[in-house]
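Please view the sequence and the model first.

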Amino acid sequence: MLLSGSGKPQFGEGNREVGEAPLGRPVWAAVGGSLMSLCLPFTGVATMKFKSPPVNSLSLEFLTEFSISLEKLENNRACRGVIITSTLPKIFSSGLDITEMCGKSMEHYTEFWRAVQEMWLRLYGSNMVTVAAVNGSSPAGGCLVAMSCDYRIMAENPKFSIGLNEAQLGIVAPFWFKDTFVNVVGHRIAERSLQLGSLHPAPEAHKLGLVDELVPEEKLMERAAAVMAQWLALPDHARQLTKTMMRKAVLDRLVAHREEDIKNFVTFVSKESIQKSLRMYMEMLKKRKS
Ligand SMILES: CCCCC/C=C\C/C=C\CCC/C=C/C(=O)SCCNC(=O)CCNC(=O)[C@H](O)C(C)(C)COP(=O)(O)OP(=O)(O)OC[C@H]1O[C@@H](n2cnc3c(N)ncnc32)[C@H](O)[C@@H]1OP(=O)(O)O
């Protein structure tokens, strides 16, 4: 992430190419940030590829770049849809960066949580058609990203899993993660899956409706492009108004309670018992590796 003199992040500054389409509309031929690459060809469908090794954790920096990228695409009249995927093998996103929630100040937790909210408000509320091409595991915040898209296609590898596993970390998915989940899979499946902190292997995720379809990994992007074309065949205004109608209540709920939600997160995550759970979880991840 590059920062301007004013301290405001400037996405992709320096390697952004701005072109003019034949019809005179401005088009980004290619835009590269440090944590994700973004390409908008003349078809009007952008591809956003996460590239933050080792596991595409959603750090404050990543979330900021993500929100800025979405805003830029949203404001670009030439862009009608975005396919979101990962450049990393086996990982779509490992969810929120746990180190951002461990041993930091209240101010940091506040800034971090606001960035998580911002990313979700932009993605879930996007006017564009959003398709997640889930080419690897996608726990917690990674699952939220996928669920916030209009359509999810997952590589059919049973080693890849997806779900809101917060309970396994000793933390609680906030109400808007839960609302998004309920809107995708329904109340009963969400209730059971959330309480158990389940990570569903791809075939099970498909059975539950958490992902819309499974395809062989090598066909993922081809299928995502075909789905996108199908969704874009409809007039934008009708699709956008319908999307707003379906998602508005859930979006409005966070907007109305945004500061309270930040306060709850900061209070919750600052508790010594929660810090201990998060530290133990990180240690478990490291031990599992060795
Ligand atoms: C009623 C009151 C309610 C109040 C509620 C208020 C607020 C709510 C409060 C909190 C809400 C928080 C919501 C949280 C959402 C999240 O997203 S939490 C993150 C959840 N993510 C995970 O559990 C994934 C953990 N990671 C893995 O399972 C695996 O790493 C993997 C993604 C499957 C990849 O496996 P593999 O390829 O084998 O890689 P490694 O495990 O070896 O990992 C490589 C290194 O990356 C580190 N790492 C992995 N995930 C994360 C992460 N999410 N954050 C930070 N770092 C991560 C891992 O430790 C390795 O590091 P080293 O190389 O060992 O240094």
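**A pair of packed helices**

Helix H4 (residues 175-185) packs with helix H8 (residues 236-256) at an angle of about 175°, and their axes lie 10 Å apart. The two helices are therefore roughly antiparallel to each other, a term for angles over 145 degrees. Axes here are lines fitted to C-alpha atoms over the stretch in contact, and angles run from 0 to 180 degrees between N-to-C directions. H4 contributes Trp176, Asp179, Thr180 and Asn183 to the contact, and H8 contributes Val250, Arg253 and Leu254; residues are in contact if their C-beta atoms, placed from the backbone, lie within 7 Å.

This is a predicted model: local features need pLDDT of at least 70, side-chain atom pairs count only at pLDDT 80 or more, and totals for chains, interfaces and linings use all residues. Residues are numbered from 1 along each chain as its sequence is written.

The protein chain has ten helices and 14 strands, which are DSSP runs (helices H or I, at least four residues; strands E, at least two) numbered from the N terminus. Of its 290 residues, 39% count as buried, with 20 or more other C-beta atoms within 10 Å of their own.

The largest nonpolar core has 68 residues; such a core is a set of buried Ala, Val, Leu, Ile, Met, Phe, Trp, Tyr and Cys residues joined through C-beta atoms within 7 Å. Helix H2 (residues 106-124) gives the largest share, eight residues. Val131 and Ala133 are among the residues with the most contacts inside this core. Ala133 touches residues including Ile83, Ile153 and Leu220.

Conventions:
Buried ≥ 20, exposed ≤ 12 C-beta atoms within 10 Å, placed from the backbone. Contact = placed C-beta atoms within 7 Å. Parallel < 35°, antiparallel > 145°, perpendicular 65-115°, else oblique. Lists of a residue's contacts leave out its neighbours within four places in sequence.
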